[in-house]
Amino acid sequence: MLILSNTGGIAQTNSFLIADESTGDAVLFDAPDHTVAPLLAEAKKRNLNLIGLWLTHGHFDHIADHALVSKAFPNAKVLMHQADEEMLQRASMQSELFGLPFIVPDRSVDGYLADKQQLQIGKLKLEAMHTPGHAPGHIAFYFPEEKVLVGGDLIIAGSVGRTDLPGADPRAFVQSLQRVMELPPETKLLPGHGKVSTLGDEAKRNMALGEILG
């Protein structure tokens, strides 16, 4: 398993490129503004076959550069949960709502992700986990054999995601946190913001998480 990352954009959002080096297949997880270009260049340099842009949710800082991904790799399928597709279809409205200095282009997805859906990147096996609360269609991606979780904006290395945005649900957020924290503590957490951590470290040191889960 090859994991490359870059952090940037207005909200300092993480983007992760995960590849199966044995087959060359790869997926980009999230596309923050002004962030994905180095990862796309590295994918081309390594002759990786980018099969998808898989989105954890539809907030602008996770989808902004989707068009750059599609331009560089036209066959990469853009996938997300159906509950968040409207945010992608009306992405330009988010630009106006948040007063962004750029316009996020509107688009529809190429396919939907569902809870417990089994996915593959080459020989790497992973499961989509519908984890609403921060956003209605929030998805986390769990690689059980490698014990890696692409967690989006659930836990963000020392804190947790916001639940005061449109479409957020604090009660569902608690349930999603509880579900994720049932994964093995040694699971490596690749969060939407902040540094890479483990679920075990977050359980011990994340005060915001501790306050929510008791």
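## Reading a predicted fold, residue by residue

Colleague: Let's start with Val180. Is Val180 buried or exposed?

Modeller: This is a predicted model, and the general idea is to compare the relative accessible area with a cut-off: under 20% is called buried. Val180 has a relative accessible area of 1%, so Val180 is buried.

Colleague: Where does Val180 lie?

Modeller: In helix H6, which spans residues 170-180.

Colleague: And which residues is Val180 in contact with, leaving aside its neighbours within four places in sequence?

Modeller: Contact here means heavy atoms within 4.5 Å. For Val180 the list is Met129, Thr131, Leu149, Leu154, Ile155 and Leu199. Take Leu154 from that list: Leu154 and Val180 are 26 residues apart along the chain, and their C-alpha atoms are separated by 8.8 Å.

Colleague: Now Ile156. Where does Ile156 lie?

Modeller: In the loop between strand S10 (148-152) and H6. Not counting residues up to four places away in sequence, Ile156 touches Gly161, Pro191, Gly192 and His193.

Colleague: What separates the C-alpha atoms of Ile156 and Lys195?

Modeller: A distance of 7.8 Å, though the two residues are 39 apart along the chain.

Colleague: How do I read that kind of pairing for the whole protein chain?

Modeller: Take the contacts between residues at least 6 apart in sequence, then ask what share joins residues at least 24 apart; in this protein chain that share is 60%.

Colleague: What about charge over the whole protein chain?

Modeller: You compare where the positive and negative charges sit on average. The protein chain has 18 positive and 26 negative charges, and their mean positions are 5 Å apart.

Colleague: Stepping back, how many helices and strands are there?

Modeller: The protein chain has 8 helices and 12 strands. Its radius of gyration is 16 Å, close to the 17 Å from the globule rule for 214 residues, so the chain is as compact as a globular protein of that length. The C-alpha atoms fill a box of roughly 45 × 45 × 25 Å along the principal axes.

Colleague: And burial and surface overall?

Modeller: Of the 214 residues, 52% count as buried. The accessible surface comes to about 9600 Å², with 51% of that belonging to carbon and sulfur atoms.

Technical notes:
Residues numbered from 1 in each chain as written. Predicted model: local features only at pLDDT ≥ 70, side-chain atom pairs only at ≥ 80, totals over all residues. Heavy atoms only, no water. Helix = DSSP H or I, 4+ residues; strand = E, 2+ residues; numbered from the N terminus. Rg over C-alpha atoms; globule rule 2.2 N^0.38 Å. Buried < 20%, exposed > 50% of the residue type's maximum accessible area, 1.4 Å probe, protein only. Areas by Shrake-Rupley, 256 points an atom, 1.4 Å probe, with all protein chains shown as cover. Lys, Arg positive; Asp, Glu negative; His and termini not counted. Charge placed at Lys NZ, Arg CZ, Asp CG, Glu CD.
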